[in-house]
Every structure is written in C-alpha cells, then in structure tokens.
Amino acid sequence: MPGLQKARALMASPVGSFCRLFFSQIRSCSAISVSSAKPVIAAKEPFPVDLIAEKRYAWCACGHSQKQPFCDGTHKKSAPEMSPLRFTAGESKKAWLCGCKYTKNPPYCDGTHKKDFVQKTDLHSQPQV
C-alpha cells in the first residue's frame, strides 16, 4: 500500500497536476521529474492570451521565463529538473493561462492565485506550500 499512497500524493501535488490531460486541449505533456522542485511565482494573476486552433504552445511551468506565460528555455539553466507543458489549442479562443504556476488545471488558471500561499509570497519566489 505505500506505493499507492505515494501515487495519490504525487497526483495531488503540483508536480502531478502538470501531466493531466484535458480532452483535446492538451495533446502532449512534458513530464517533470518527481523531485522536490517547485515553480516560482511568475505573476499573481493569470495571463489573458488569444489561442489559435491547432497551434502548438509551450506553457512555462517553472516560472522563470521572461516571455510569460510561455517558455523561453530559461528552465534549462534556472530549473533543469522542470520542463514546459506543451499543448495544442483545440479551437481558437481567448484563454486565461496560469501565472502563479500552481493551478490544478495547467496551463489554464483555476483561481489558485487568489489563495494566501500565493498572495503572501514575493514574485519570483517559491511559496511555502
């Protein structure tokens, strides 16, 4: 049973949430390694973006990118154990992509940025979760 408990803990963590696939919105996911790596908070609000149908995107999962909410490759140096979440938009639409990097529905905002652990943490820092 210890293995089952570890699996449940992983799926409930921010690490596990990065690899959930939601319908055709997200076609592929680059898994980050199972480690104690946590993203830094890039913003305390979501980023409004216009997604284009069938276009591939790489959402920054580490929080270090200077091209938020998208990846610019900074993770290779600043957070090598993490990688972006790659997805393809199923349809053209306006979307709100997570800026705090702790959503349970990546890359989309789920309101987590409103929680105290995000709001009380300095930008570009890791929250005490």
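Which residues does H113 touch, not counting residues up to four places away in sequence? The answer is in point 7.

1. **What this is.** This is a predicted model. The protein has 129 residues, and 40% of them count as buried. The accessible surface comes to about 7200 Å². Carbon and sulfur atoms hold 55% of that surface.

2. **Layout.** The protein has 4 helices and 4 strands. Read from the N terminus, the elements run α-α-β-β-α-β-β-α. Take the contacts in the protein with a separation of 6 or more: 65% of them are between residues 24 or more positions apart.

3. **The annotated stretches.** In the model, residues 44–81 are 11% helix and 24% strand, with the end C-alpha atoms 23 Å apart. For residues 82–119 the values are 11% helix and 24% strand, and the end C-alpha atoms are again 23 Å apart.

4. **Strands 2 and 3.** These two strands run antiparallel and are joined by 4 bridges. R56 has T88 in strand 3 as its bridge partner. T88 has a relative accessible area of 6%, under the 20% cut-off, so T88 is buried. T88 also sits 5.6 Å from E54, C-alpha to C-alpha, although the two are 34 residues apart along the chain. Side chains alternate along strand 2. Y57 and W59 point to one face and are buried.

5. **Aromatic pairs.** The whole structure holds 4 aromatic pairs. One of them is Y57 with F87: the ring centres are 5.4 Å apart and the planes meet at 25°, so this pair is stacked. Y57 lies in strand 2 (residues 56–59) and F87 in strand 3 (residues 85–88), so the pair ties together parts that are 30 residues apart in sequence. Both Y57 and F87 are buried. Y102 and F117 make an edge-to-face pair, 5.7 Å centre to centre with 90° between the planes. Y102 is in the loop between strand 4 (93–97) and helix 4 (116–119), and F117 is in helix 4, so this pair ties together parts 15 residues apart in sequence. There is also one aromatic cluster, formed by Y57, F70, F87 and Y108.

6. Is Y102 buried or exposed? Y102 is buried, because its relative accessible area is 3%. F117 counts as partly exposed, because its relative accessibility is 23%. Leaving aside neighbours within four places in sequence, F117 is in contact with I41, Y102, T112, P127 and V129. F117 and Q128 are 11 residues apart in sequence, and their C-alpha atoms are 6.8 Å apart in space.

7. **H113.** This residue lies in the loop between strand 4 and helix 4. Its relative accessible area is 10%, so H113 is buried. Beyond residues up to four places away in sequence, H113 touches K44, E45, P46, C100, V118 and Q119. That answers the opening question.

8. **C100.** With neighbours within four places in sequence set aside, C100 is in contact with V40, I41, A43, T112, H113 and V118. C100 is also one of the residues with the most contacts inside the largest nonpolar core.

9. **The cores.** In soluble globular proteins, nonpolar side chains tend to be buried together. Here, the largest nonpolar core has 16 residues. Those with the most contacts inside it are L51, W59, F87, A95, L97, C100 and Y108. Strand 1 (47–51), strand 2, strand 3 and strand 4 each supply at least two residues of this core. A second, separate core has 5 residues, including A37, C62, A79 and M82.

10. **Where to look.** F87 is buried and stacks with Y57. F87 also belongs to the aromatic cluster, and it is among the residues with the most contacts inside the largest nonpolar core.

How values were computed: Residues are numbered from 1 along each chain as its sequence is written. This is a predicted model: local features need pLDDT of at least 70, side-chain atom pairs count only at pLDDT 80 or more; totals for chains, interfaces and linings use all residues. Side-chain values use heavy atoms; hydrogens and water are left out. Rings of Phe, Tyr and Trp (its six-membered ring) pair if their centres lie within 6.5 Å; planes under 30 degrees apart count as stacked, over 60 as edge-to-face and the rest as tilted. Buried means under 20% relative accessible area, exposed over 50%, partly exposed in between (1.4 Å probe, protein chains only). Contact means heavy atoms within 4.5 Å. Accessible areas come from the Shrake-Rupley method with a 1.4 Å probe; for residues, only the protein chains shown count as cover. Two strands pair if DSSP finds at least two bridges between them. A nonpolar core is a set of buried Ala, Val, Leu, Ile, Met, Phe, Trp, Tyr and Cys residues joined through side-chain atoms within 4.5 Å.
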